[in-house]
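Biologist: Could you take a close look at one part of this model for me, and tell me how it sits in the chain? Keep it simple, please.

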Amino acid sequence: MFPNALTAAVGIESPVVQAPMAGGATTPELVAAVSNAGGLGSYAAATLSPAAMAEGMARVRGLTDRPFGVNLFVLDTPNPTRTELAAAQARLAPYRAALGLEPEAAVPERFCESNRAQIEALIELAPPVASFTFGVLDAATVARLHDAGSFVVGTATTVAEALAWEACGADAVCMQGAEAGGHRGTFLGDFEQSSIGLMALLPQAVAALDVPVIAAGGIMDGRGIAASLLLGAQAAQLGTAFLCCPESGIHAAWKAAILEAGDDSTRLTRVFSGRHARGIVNAFMDELRDDEAAVPAYPVQNALTGELRRAATAQGRTDFMSLWAGQGAGLARELPAAELVGVLEEELRVALAGAG
Ligand SMILES: Cc1cc2nc3c(=O)[nH]c(=O)nc-3n(C[C@H](O)[C@H](O)[C@H](O)COP(=O)(O)O)c2cc1C
């Protein structure tokens with residue numbers, strides 16, 4: 001359906017990409033259901049050890065023989081100061097108390113998995129599509145992914161970032177508009193200047209790039225996919241739209257918050273993780289608003305709030321959970337993933353026919 005260079009190169013039938021969503025949303029069942037329905041399911045591996053990556057990919061491979069993607073972050077090794085850590089701990093103490101946790105989070109031995117080890121594991125595991133966000137790879141690593149047989153997709157929030165991915169050999173670039181749920185992929189420019197609405201960003205990226213473009217941010221239905229294709233994208237990557245599927249691994253209270261959300265329910269914040277991300281506004285985001293600039297950068301703040309967010313989730317406390325969602329959350333539907341892909345395709349067909 002609507003074949004183009006990207007769908008042909010990846011080997012998918014429809015231009016629908018289910019976004020990789022770290023933190024448990026993109027279960028192997030969700031990924032496989034989307035791929036089996038003719039789209040591209042994407043497995044988020046950014047928080048996984050190499051062993052867990054291998055296990056998750058084996059589960060996906062056991063559920064589908066269609067192409068699928070695996071996604072990692074590109075990260076530098078963090079090195080926070082003791083003072084910065086102490087201030088961050090103090091800021092979180094009241095929230096930990098409210099959840100019945102010890103006042104101070106234990107400072108982890110490391111703040112995230114070794115990014116280099118994850119990338120080496122990905123090259124070894126050779127998924128059909130390897131996608132990345134938060135940074136850019138070097139050309140040698142992209143060449144090794146190609147040698148392994150992976151189609152490489154980089155995430156960009158500006159034309160300059162997209163050109164950086166093209167220069168290192170990426171096969172396609174996912175342009176992430178400011179509407180997008182979850183973390184911003186920005187890695188080159190000023191964060192605010194790089195928060196560009198998809199309708200403005202997409203045609204400028206398409207004009208600047210030779211490689212195919214995937215559109216992301218606020219796309220919730222076939223009309224949004226059609227609009228992306230009309231603006232020059234060759235596929236649309238939807239995250240929030242898939243969060244309420246039964247196969248999605250997020251907590252029921254998070255799904256309910258999305259289903260209740262409206263157009264103005266979300267905001268960008270860095271208080272949960274130390275990197276700007278879009279989520280449904282709650283008490284934690286509101287009360288720490290003055291500390292936005294002060295919290296340590298990702299992944300340090302993310303690690304320090306980890307136990308707190310897990311406890312909040314276990315207790316169903318949406319006031320302290322990171323309720324990542326895009327600006328289109330108000331359009332979310334609670335459909336099985338394969339059915340949702342079918343509905344999106346039909347809506348796309350109708351929208352493109354209507355557009356002549
Ligand atoms: C809960 C959640 C987690 C996300 N995690 C990742 C991730 O691990 N890797 C990534 O490249 N993008 C991640 N994203 C961003 C998506 O790839 C995509 O840009 C975004 O979902 C598109 O906007 P939408 O949610 O409005 O559809 C995440 C988004 C959400 C909502």
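Modeller: Let's start with Glu-84. Glu-84 counts as partly exposed because it has 16 C-beta neighbours inside 10 Å; the cut-offs are buried at 20 or more other C-beta atoms within 10 Å of a residue's own, exposed at 12 or fewer, and partly exposed in between, with C-beta atoms placed from the backbone. Bear in mind that this is a predicted model, where local features need pLDDT of at least 70, side-chain atom pairs count only at pLDDT 80 or more, and totals for chains, interfaces and linings use all residues. Residues are numbered from 1 along each chain as its sequence is written.

Glu-84 belongs to helix H4, which covers residues 82-98; helices (H or I, at least four residues) and strands (E, at least two) are DSSP runs, numbered from the N terminus. Now look across to Ala-294: it is 210 residues away from Glu-84 along the chain, yet their C-alpha atoms are separated by 8.8 Å.

Of the contacts between residues at least 6 apart in sequence, 70% join residues at least 24 apart, a contact being two residues whose C-beta atoms, placed from the backbone, lie within 7 Å. The chain as a whole has 15 helices and eleven strands, and 51% of its 356 residues count as buried. Along the principal axes, the C-alpha atoms fill a box of roughly 60 × 45 × 40 Å.
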